[in-house]
Amino acid sequence: MRHLSVLLFVLLLACCRGASQQQPASTSTTDSTTAVYQFKDASRDGIGKLYQGREIAQVMGHLGASWLERPEREREERTDLLLKALSLKPTDVVADIGAGTGFFTFLMAPKVAKGNVLAVDIQPEMIEYLNEGKAKRKITNVQPVLGTESDPKLAANSIDIAILIDAYHEFSYPREMMGHIAAALKPGGRIVLVEYRAEDPNVPIKELHKLSVAQATKEMKAIGLKLLKNDDRLPQQHIMFFGK
Ligand SMILES: C[S@@+](CC[C@H](N)C(=O)[O-])C[C@H]1O[C@@H](n2cnc3c(N)ncnc32)[C@H](O)[C@@H]1O
């Protein structure tokens, strides 16, 4: 009996040691999380922060609002073709992330007449533009949302489609943002990245404001999303559909 108690005591000690030896492992998990991003001297249009080998672009400030609303934009970017490519259903709940002035938000809203467009941006001035646009057009199914750099403030399991037009490349916390957006998708939901083609030197946009299909696919794969389709019907931009 005495031998049995000694044996149990030794076993208990061994278990506790095992548990305490696991402690450093959780510390190293924290370390690998902080290594998601790397840093370097910022280039002209970048913020000096790298994600998956790509330097993140500077955010387009609200003073660039008139460029987003330029009259020739529809013709140049063929936003009519983009709208078709999305195949929105009237009941869809759409999140327009990095909505800016709402140029595309207000084109989508009538297509989801029984649904809703959540127009997310981090700049309060853009939220003001969105509220003004909503009042001017008397639209009720657009809801402006002030997000943060790392969180679009969307409820889990609440959206059918997230669309990011010319915005993802300037997210300063792309991993965190995409994690939240993926969690906000309903089953079968899609994430659509619309980005100027980095593969095409003739697209007259600054390098850091373009994105290739290979780079986007690599970055989405890091959070468990796969490329479902790349639609190249637009003159200058990819329309990349991702899902879980
Ligand atoms: C180039 S503008 C494009 C606006 C709009 N999608 C369009 O095509 O007209 C990019 C927008 O993304 C927003 N943005 C940048 N980082 C963001 C983030 N983490 N979450 C939400 N919006 C963000 C900026 O404030 C800016 O309004």
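Biologist: What should I know about the model before reading it?

Modeller: It is predicted, so to speak plainly, local features need pLDDT of at least 70 and side-chain atom pairs count only at pLDDT 80 or more, while totals for chains, interfaces and linings use all residues. Residues are numbered from 1 along each chain as its sequence is written, and side-chain values use heavy atoms, with hydrogens and water left out.

Biologist: Which residues of the largest nonpolar core touch the most other members?

Modeller: In soluble globular proteins, nonpolar side chains tend to be buried together. A nonpolar core is a set of buried Ala, Val, Leu, Ile, Met, Phe, Trp, Tyr and Cys residues joined through side-chain atoms within 4.5 Å. Buried means under 20% relative accessible area (1.4 Å probe, protein chains only). Here the largest core has 32 residues, and I97, I159, L164, Y168, I191 and L193 touch the most other members. Elements giving two or more residues to this core include β4 (93-97), β7 (159-165) and α8 (174-184); helices (H or I, at least four residues) and strands (E, at least two) are DSSP runs, numbered from the N terminus. The largest share, five residues, comes from α8. A second, separate core of 27 residues includes A85, V112, A119 and V192.

Biologist: Which residues is I159 in contact with?

Modeller: Contact means heavy atoms within 4.5 Å. Leaving aside neighbours within four places in sequence, I159 contacts V93, A95, L118, L154, I181, A184, L185 and K186.

Biologist: Which residues of α8 are buried?

Modeller: They are P174, M177, M178, I181, A182 and A184. Seen down the axis of α8, these buried residues fall within an arc of 155° (from the directions from the helix axis to the C-beta atoms), so they line one face of the helix.

Biologist: What volume does the largest pocket have, and what lines it?

Modeller: On a 1 Å grid over the protein atoms alone, a cavity is a set of points where a 1.4 Å probe fits but cannot get out; a pocket is an open set with protein on both sides within 12 Å along at least five of seven lines, and lining residues have an atom within 4 Å of a point. The largest pocket has a volume of about 670 Å³. Of its 36 lining residues, M60, D166, A167, H169 and E170 lie nearest its centre.

Biologist: How many cavities of 30 Å³ or more are there?

Modeller: One. The largest cavity has a volume of about 40 Å³, the space filled by probe spheres set on grid points joined across faces, edges and corners. Its lining includes R73, E77 and F103.

Methods. Buried means under 20% relative accessible area, exposed over 50%, partly exposed in between (1.4 Å probe, protein chains only).
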